[in-house]
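Work through these exercises with the model open beside you. Try each task before you read its solution.

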Amino acid sequence: MPQAPIQYNNIQNDDDDNYDNNNKKALKYIEDVTSKADEIQERVIEEILKSSAHVEYLERHGLNGRTDRDTFKEVIPVVNYEDLKPEIDRIANGDSSPILCSKPISEFLTSSGTSGGERKLMPTIEEELGRRTLLYSLLMPVMDQFVPNLHEGKGMYFLFIKSETKTPGGLVARPVLTSYYKSSHFNNNNSSHKNPHKNYTSPNETILCLDSFQSMYSQLLSGLLQSHQVLRVGAVFASGFIRAIKFLEKFWADLCRDIRTGTIDPKISDTSVREAVMRIMKRPNPKLASCIEGECMKGSWKGIITRLWPNTKYVDVIVTGTMAQYIPILDYYSNGLPLVCTMYASSECYFGINLNPLCDPEKVSYTLIPTMAYFEFLPLNKMNGGNGHSNNSNNQLVKEDLVDLVDVELGQEYELVVTTYAGLYRYRVGDILRVAGFKNKAPQFNFVCRKNVVLSIDSDKTDEVELQNAVKSGANHLKQFGATVTEYTSCVDTSTIPGHYVLFWEINTHTKQTLNTDKNISSSVFKECCHAVEESLNSVYRQGRVSESIGPLEIKIVENGTFDKLMDFALSQGASINQYKTPRCVKYAPIVELLNSKVVCSYFSEKCPKWVPGHKRWCNNNFE
């Protein structure tokens, strides 16, 4: 297998020769692994099976110690999370026997996808941190081909950790980025050998601060203090970056005061954060404070990024999938700077990188790196043939439909299926990808969408079934008034920051009265409906509400007959009356405008839904 490039942890920033040489090694690595994609994939599955061939799960399915790809495909089923949940629950409960992987499970990575309203738990092993670091180490060499000399400046990235918990068996459960930011692979603050990809304006102490206000404030303050060194800005998701700019709009006067006086606002009470920022601040800087103040006091915030950080070359955020809704406001704040999506990853596995990072957002494609995991693909037109459950009679058909990495076809759409070093075997990730091209023998994919997801603001993912159950829970509050929800649909509203879910309800009061006023049902009832809906949504959504990355849910009551007009509009656009059904989520602007034109009243949730770290079952001490 091609040798991985030397990691940047051993390269000093000012050593241009080393930087250039290691960039070349990284690009050669990409060239080598994409040229031998199928050969490497065969070695990857052999490595995985040699290491874990005798684990309980593989033995149960009849692998019997064999390590060849053909036998693996013949006997191992295609599965989803629900199929693996019994094994995952046993590990979470403390069973340390080799159930899924021969190597010890070091922790669980909590997915933004949910099962039963709670985050999914993805097992991982210690060595996976090395693979993630490898993928990160490829990003700067690729970017350097398009924007050279980035190592001479810094990146202002807004990075945050989230709370973690422990399973009943004592394993840590936390988001993948929290795991990475807390690892020695990321934390290089105390090293004289800086990784240029991680040469950030934010000290590690500010990133690792759990208090979201203190973390955001101190990261912005650090970024402003080093504004002329900043060559790139970003966050993980577009929504997170916009949230940072909105925070700046609200607190710029306080930040300027700190810079002018050489002090830090008392609201920043974390001692380690204060000390880290003071190491950057050193002394008062009235000139910088006045410059920032002058820009923030202007009437418009158009181009604020290039006005405050004038050397910025691009904005590094995810703007594919549901994040595409934030592109217009990013363009506004950045004055049209390139929006760069660098990599494709999830809690299950890190997958690939964007080899053409300055392309338009709608053309972003990711090249899967064949050494990261063993990849298979289920053609989209075959997905209805089975649901991926191991005991389903259709599973054999699903297995036969899977194609290998090098056998996908240009223009076709597939669901991604992975086998990882950490114990996932033929696991359906739920991402829908379209083949956009090839880098040598390795395919490049556009990210199309998450399967079944209808609503998403940040890292939340709400599917149609969950939305239906939540609406039902909210609508129950209307029964005592003889009212029912006869039709509904939804959308996300990102005109406010943070964005929020919007439900359009058509109500039948079983009388001739209409709902033009609050005389029929008081506003407090509808606000309780909003709260009940939110309480019924998954833990990722509820955590987003508590952390204020998602705004309060809104219910809009529309005139009776509105959904008939919605159907008429769909039919006028060519839909079949025999096949028409009300969409549970709408994105098409004319439809949203139609619905909004029929709104008679609207209500927001006035309370945050309950959320605590960890699964409800753990908190109730009845984990089974």
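**Exercise 1.** Leaving aside its neighbours within four places in sequence, which residues is His-531 in contact with?

*Solution.* Start with the ground rules. This is a predicted model, where local features need pLDDT of at least 70, side-chain atom pairs count only at pLDDT 80 or more, and totals for chains, interfaces and linings use all residues. Residues are numbered from 1 along each chain as its sequence is written, and side-chain values use heavy atoms, with hydrogens and water left out.

Step 1: find His-531 in helix α17, residues 523–536. Helices (H or I, at least four residues) and strands (E, at least two) are DSSP runs, numbered from the N terminus.
Step 2: apply the contact rule, heavy atoms within 4.5 Å. His-531 is in contact with Ser-605, Lys-607, Cys-608 and Pro-609.
Step 3: check burial. Buried means under 20% relative accessible area, exposed over 50%, partly exposed in between (1.4 Å probe, protein chains only). His-531 has 11% relative accessibility, so it counts as buried.

**Exercise 2.** At what angle do helix α9 and helix α11 pack?

*Solution.* Step 1: locate α9 at residues 212–225 and α11 at residues 271–281.
Step 1: read the geometry. Axes are lines fitted to C-alpha atoms, for helices over the stretch in contact, and angles run from 0 to 180 degrees between N-to-C directions. The angle is about 10°, and the axes are 10 Å apart.
Step 2: list the partners. Ser-218, Leu-221, Ser-222 and Leu-225 of α9 meet Val-273, Val-277, Ile-280 and Met-281 of α11.

**Exercise 3.** Where does Asn-64 lie, and is Asn-64 buried or exposed?

Step 1: look at the backbone. Asn-64 is not a glycine, yet its phi is positive, about 55°. Most residues other than glycine have a negative phi.
Step 2: check accessibility. At 52%, Asn-64 counts as exposed.
Step 3: Asn-335 lies in the loop between α14 (327–334) and β8 (339–340). Its phi is positive too, about 60°. At 48% relative accessibility, Asn-335 counts as partly exposed.

**Exercise 4.** Which peptide bond is cis, with omega near 0°?

*Solution.* Step 1: go to the loop between β19 (484–493) and β20 (500–508), where Pro-498 lies.
Step 1: inspect the bond from Ile-497 to Pro-498, which is cis.
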